[in-house]
There are 2 protein chains.
Amino acid sequence: MVAVLISEKALIEQIRRMAKTANPAVQTGIGDDCAVLRFLPRRGQLTETLVTTDFTLEGIHFRRDWHPAESVGHRCLARGLSDIAAMGGEPVAAFLSLALPRDLPQAWVGRFARGLISLAERYSVTLAGGDMAESPNGILADIVVVGTVPKGKAMLRSRARPGDRIYVSGELGGSAAAVWVMRKEMRKKSKRTLNPRHYPRHFFPEPRIELGRILREKGLVSAMIDTSDGLSTDLAHICEESGVGAELQAEVIPRACVGKPAREVDLQFALHGGEDYELLFTSRPGKRIPSRIAGVPITHIGQITRQRKIFLRNRGGVGYELQPQGWEHFRRG
Amino acid sequence: MVAVLISEKALIEQIRRMAKTANPAVQTGIGDDCAVLRFLPRRGQLTETLVTTDFTLEGIHFRRDWHPAESVGHRCLARGLSDIAAMGGEPVAAFLSLALPRDLPQAWVGRFARGLISLAERYSVTLAGGDMAESPNGILADIVVVGTVPKGKAMLRSRARPGDRIYVSGELGGSAAAVWVMRKEMRKKSKRTLNPRHYPRHFFPEPRIELGRILREKGLVSAMIDTSDGLSTDLAHICEESGVGAELQAEVIPRACVGKPAREVDLQFALHGGEDYELLFTSRPGKRIPSRIAGVPITHIGQITRQRKIFLRNRGGVGYELQPQGWEHFRRG
């Protein structure tokens, strides 16, 4: 056990040296019982604090044979940053709890930390603390991201109203389709064709922080969520929290292109596939939404209705009720 | 998988209903991408935000055959609250990430949540969010506690100076000795004699929030930590972060009484046993420290020295260097 403790200490020191980004709000980071954060009023305006926490579990959220360690670290933090983006917030600090199996090569952890910290640096996020333990089985990570938003300006899920229009950023279904391709190749024991170059947004998703901030500043949003569980499930969250329903137009839902050669994914992936980390938001009818914000395409895909159900309609107007289908990750892989 | 998702949703709803305590700082709790916290200045004074995160892993931090579910939930939150106490802070909100094996009885989770939430209520802590996932193996929990402290007043590990006196609250070694008794009985397959009634502080440790707050308000502390890893390790943390050493008097270290009939624990438990969640602090030589604060005994056990080593001396003045011995939890059980 002493050997493990020493290497744990060495790991914490290694991460502490790597995590140099100093967000000015972080007064005390790694190395005390708690991190100490100081949020000063900005231009005389008080801020509120955002907190989000997300698991990244081996076998559930990633597979070591599919995902390079850098990708696992990047995706771990991206999950939390995407939640901050969905509130229109700015991220400040991250906390990483990491449980590692005794036989894990230390090099894997170094690459994991590099993936996580290089994403953190791009958003001036300080890795300010966490916990480390020995895992009885597989790699377990839990990421906490703390951010800030001007007082009263956080964009909640609960403020959609009948008549609001529904928009989504980027393209949907790509992450689930990439997993589907990898699973198929694994089952057939065929040569691996999909790698991070062919669909970087699955392996290194870019959280929509800038887009979320602009949407907040311009007051364009009534309700917002990120598409971590899939369009059908995430839209159902907005509808439940707002006490409304929705209608989607099937043919306008933007679908990702995945593979080599790249093909547009099936509608089912775009409707139910998770981990795209796009922003799904509603806007009051009078608001003009640009077709591109911060370089990201924005698509009008439907509207909020009074009846508490979600309908999917095709071009002819024929439709059926859409059931939220939760994202299954890699469980059946 | 749908069945698991439905029960996950039911669980989140159950926890949401149970978690009614509304700390006024929590603007938005469970049910959005992030929690939204608002820290207003108190009596014109700005506050800083404290964040701490701690794992509770089955087989590492608890065993289902030793610890009732209520105890596991209580201890999970107590770990985080104790870190807030060690900064002299006041806890505000908790976030629970919980990964559960598919075959875990839902009743276990209900009792776990009750243990956690009833401790939260006593400190006006809102359970404001978290994450839920299926665990590939064993119960995994990660608790985040967010608290507040007046600006610049957090009590850090790094401010001890040579000549400062070292104090500890309560008694040490009880938690490790309780585990030792349970392990011995398990090995011998003898009748289980130790239960929560015989040593409640192992099963239901009370975080020293009130004590930490008073020590901060009265300005009595130069450096502070909680004894989660054991006296030798936690004192080493203070010494490392402050760049100092220490001398302890062996015979005055307060030892817990455990078992039936209750016996004072061996010195080794008091020196190296973790999870007592007492406060270990240093104080400048001129300060008068009461022998009891907020009902908890306070014992003077040594002093800070210039030489960067920790010595343990007995009554005759003979001593040896004390090596920090990390807390092993239940790994060898």
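Which strands of chain A does helix α2 (residues 69–86) of chain A lie across? Select α2(A): the helix lies across β3 (47–57), β4 and β6 (140–150) of chain A, and runs at about 35 degrees to β6(A). Helices (H or I, at least four residues) and strands (E, at least two) are DSSP runs, numbered from the N terminus. Axes are lines fitted to C-alpha atoms, for helices over the stretch in contact, with angles from 0 to 180 degrees between N-to-C directions. Residues are in contact if their C-beta atoms, placed from the backbone, lie within 7 Å.

This is a predicted model, in which local features need pLDDT of at least 70 and side-chain atom pairs count only at pLDDT 80 or more, while totals for chains, interfaces and linings use all residues. Residues are numbered from 1 along each chain as its sequence is written, and chains are lettered from A and ligands numbered from 1 in the order in which they are written.

Next, show the strands in the order β5(A)-β4(A)-β6(A)-β3(A)-β2(B)-β1(B), which form an open sheet of 6 strands with mixed pairing. Two strands pair if DSSP finds at least two bridges between them. At the edges, pairing on one side only, are β5 (126–134) of chain A and β1 (26–28) of chain B. Neighbouring strands are turned by 25 degrees against each other on average, direction ignored.

Select β4 (residues 90–100) of chain A with β5(A): they pair in the parallel sense over 8 bridges. A:Ala99 has A:Ala133 of β5(A) as its bridge partner. Then move to β3(A) and β2 (residues 35–37) of chain B, which run antiparallel and are joined by 3 bridges. Here A:Leu50 is bridged to B:Val36 in β2(B).

The crossing is right-handed, meaning that the near helix is turned clockwise from the far one by less than a right angle. Among the contact residues are A:Val72, A:Cys76 and A:Leu77 of α2(A) and A:Trp108, A:Phe112 and A:Leu119 of α3(A).

**Between the chains**

Now colour the contact between the chains: 54 residues come from chain A and 54 residues from chain B. On the side of chain A that touches chain B, β3(A) gives the largest share, 9 residues.

Chain A can be laid on chain B with an RMSD of 0.0 Å by a turn of 180 degrees and a shift of 0.0 Å along the axis, which is the relation of a two-fold axis. Copies are superposed by least squares on the C-alpha atoms of residues with pLDDT of at least 70 in both. The same surface serves both copies, as 100% of the contact residues of chain A recur in chain B. To find the axis, centre on A:Asn137, the residue of chain A that comes closest to it, at 3.2 Å (C-alpha).

**The other sheet**

Finally, select the open sheet of 6 strands in the order β1(A)-β2(A)-β3(B)-β6(B)-β4(B)-β5(B), with mixed pairing. Within this sheet, β4 (residues 90–100) and β6 (residues 140–150) of chain B pair in the antiparallel sense over 9 bridges. B:Leu96 has B:Ile143 of β6(B) as its bridge partner.

Terms used: Two residues are in contact if their C-beta atoms, placed from the backbone, lie within 7 Å.
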